[in-house]
Amino acid sequence: MARLDDMATRIVAAWYFLHQDEDYPATNFHAFNQNDEVNNKHVNVQADHYKLVREIGAAGTVLLKNNHDALPLNKPRNMILIGSDAGPGKSGPNEFSGQGGSDGILAMGWGSGTGDFPYLISPLEGIQEHARRDGSSVFWDFDDWNTALAGNMAYGQAVALVFTNSDSGEGYIIVDGNEGDRNNLTAWHNGDDLILAVAAQNNNTMVIVNSVGPLIIEPWIEHPNITAVVWAGIQGQEAGNAIADVLYGAYNPSGRLPYTIAKDLANYPAQLVTDGSGSKIVNIDYTEGLFIDYRHFDQANITPRFEFGFGLSYTTFMYSELCVIPIQSLDTNQEDSINAWENGKASLIAEGSSTALWLHEPAFQVTFKVTNTGPVSGTEIPQLYIHFPSSASEPPSILKGFTNVEISPYDAKQVSITLSRYDLSIWDVVAQGWRKPDGQISFSIGASSRDFRLRGDIPT
């Protein structure tokens, strides 16, 4: 009973903490019936949030390929947009219940966490706005399946932009046989064949991908006529404007891959698990342990197509002047715990010990300089990876910190990333605490999990 009281108290405490017991607004919307005029007060809370949505959409876009500086676009004479993902949905942005489907630009996954779009800017709309100012002619073909027509329409165009996507969501909605999670890592809506058909006819083909996760892109990524690949992710209601901002250079792409794009599905440490008996409970053995995503690729020495943390820019950056210094602890009452940790002892077993200040406060400051060596302003995302000694049996590299730094052309900025004792600890299953492993801990600073520019050691 005491445990039940504790659980209830934690829930009710939040209710009081937010003052929901006094002068709290009454329910003003009915999520499942927009026509309920009794409960729907139609409170407009949008303000100018569209600006932030657009900025985040552009900032999160990852430039994967840009041969011969094909991007940003520079007033092309004409262009064509191909693929249903380039245009609006056939019946508006909220055509499918719970967003369970897409026949236009993919800007949201599906499931109970979704909402209705107030509007949705497609790439066609965003790009046409720029094209009108530039005097460029714009054509389009949203048919994903008539590849012959797509290829013929792309012929002779200065730029051919092919849009494709891949969706997923919550398991209570099934889309094209995908019960929530995807059944494979291939592009939807005939994407691979569509891209190849266009690239066969146009030597300046650019691919834009709206995907919830990684895809196997080997069928077309090395095609000599594919000059650029833009990984746009899922960008929300300003998707078309965000994509256009990146394509035209209004926003210098600074997004980085939050996962690895492999050359082969078999390269991933975990594969699709199904239960042929139709049971609702599927047993999954997590045999990969700590070696997930890039940690597995590093440990198994597998070369990916694009590594975790990868992303190009319209400029270039140089790293230099690495320095690492200890930071004096603010928790003066825990000197014994700090000394014990430095001597390889595990943290104590006590309530709250894993959240103790001495364990999570900054313990080391890593500083370095980043120089923009190119002609345009850009944002770099320096990443810090820890390399534990072999005695720790940890993955070869573990991301422990990153930041963003916007730098003007040919300028430089000092960058700082801090590390806590927790960042430098491993879990001791015997002592049931966090401890510093035996041996030298080193680290690397770089532009991705496989592009290290600076290396150093943690002072002992």
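**Entry 1: a pair of strands**

I began with strand β12 (residues 383–387) and strand β18 (residues 442–448), which five bridges join. The two strands run antiparallel. I looked for a facing pair and found L384 opposite I445 in β18. I note here that the model is predicted.

Next I asked which sheet holds these strands. It is an open sheet of four strands, in the order β13-β12-β18-β19. The pairing is antiparallel. Its edge strands are β13 (398–402) and β19 (451–457), and each pairs on one side only.

**Entry 2: a sheet of six strands**

I then turned to an open sheet of six strands. I wrote down its order as β1-β8-β7-β4-β2-β3. Here the pairing is mixed. Which strands form the edges? They are β1 and β3 (137–141), each pairing on one side only. From one strand to the next, the twist averages 15°.

I picked out β2 and β3 within it. These two run parallel, and five bridges join them. I80 stands opposite F139 in β3. A helix packs on this sheet too: α5 touches β2, β4, β7 and β8. The direction of α5 makes about 175° with that of β4.

**Entry 3: helix α6**

How many residues of α6 are buried? I found nine of its nine, so I call α6 mostly covered, with buried meaning under 20% relative accessible area. Among them are A239, G240, N241 and A242. I243, A244, D245, V246 and L247 are also on the list.

What covers these residues? The cover includes helices α2 and α3 (123–134). It also includes strands β4 (159–166), β7 (205–211) and β8 (226–231).

**Entry 4: two single residues**

I looked up A262 next. A262 lies in the loop between α6 (239–247) and α7 (294–299). Is A262 buried or exposed? A262 has a relative accessible area of 0%, so I count A262 as buried. I left aside its neighbours within four places in sequence and read off the contacts of A262: I216, E218, N267, Y268, F297 and R305. I also compared A262 with F306. They are 44 residues apart in sequence, and 6.8 Å apart in space, C-alpha to C-alpha.

Then I went to S420, which is found in strand β15 (residues 412–420). S420 counts as buried because its relative accessible area is 6%, under the 20% cut-off. Leaving aside neighbours within four places in sequence, I found S420 in contact with L359, H360, E361 and A363.

**Entry 5: backbone exceptions**

Most residues other than glycine have a negative phi, and most peptide bonds are trans. Where does the chain differ?

The peptide bond from L71 to P72 is cis, with omega near 5°. P72 has its place in the loop between β1 (62–66) and β2 (78–82).

D69 is found in the loop between β1 and β2. D69 is not a glycine, yet has a positive phi of about 50°. Is D69 buried or exposed? With a relative accessible area of 63%, D69 is over the 50% cut-off and therefore exposed.

H189 has a positive phi of about 55°, although it is not a glycine. H189 lies in the loop between β6 (178–179) and α5 (191–199).

**Entry 6: pockets**

I finished with empty space. Rolling a probe the size of a water molecule over the atoms shows where such space is left.

The largest pocket holds about 1,500 Å³ of space. Of the 49 residues that line the largest pocket, T114, G115, D116, F117 and P118 are the closest to its centre. Which helix gives the largest share of the lining? I found helix α2 (residues 49–59), with five residues. By class, I listed 21 nonpolar, 25 polar and three charged residues in this lining.

The second largest pocket holds about 1,200 Å³. Its lining has 34 residues. Nearest its centre lie D181, R182, Q271, L272 and V273. I sorted the lining of the second largest pocket into 14 nonpolar, twelve polar and eight charged residues.

Conventions. Residues are numbered from 1 along each chain as its sequence is written. This is a predicted model: local features need pLDDT of at least 70, side-chain atom pairs count only at pLDDT 80 or more; totals for chains, interfaces and linings use all residues. Side-chain values use heavy atoms; hydrogens and water are left out. Buried means under 20% relative accessible area, exposed over 50%, partly exposed in between (1.4 Å probe, protein chains only). Contact means heavy atoms within 4.5 Å. On a 1 Å grid over the protein atoms alone, a cavity is a set of points where a 1.4 Å probe fits but cannot get out, and a pocket is an open set with protein on both sides within 12 Å along at least five of seven lines; lining residues have an atom within 4 Å of a point. Grid points are joined across faces, edges and corners, and a volume is the space filled by probe spheres set on the points. Ala, Val, Leu, Ile, Met, Phe, Trp, Tyr, Cys and Pro count as nonpolar, Asp, Glu, Lys and Arg as charged, and the others, Gly among them, as polar. Two strands pair if DSSP finds at least two bridges between them. Axes are lines fitted to C-alpha atoms, for helices over the stretch in contact, and angles run from 0 to 180 degrees between N-to-C directions.
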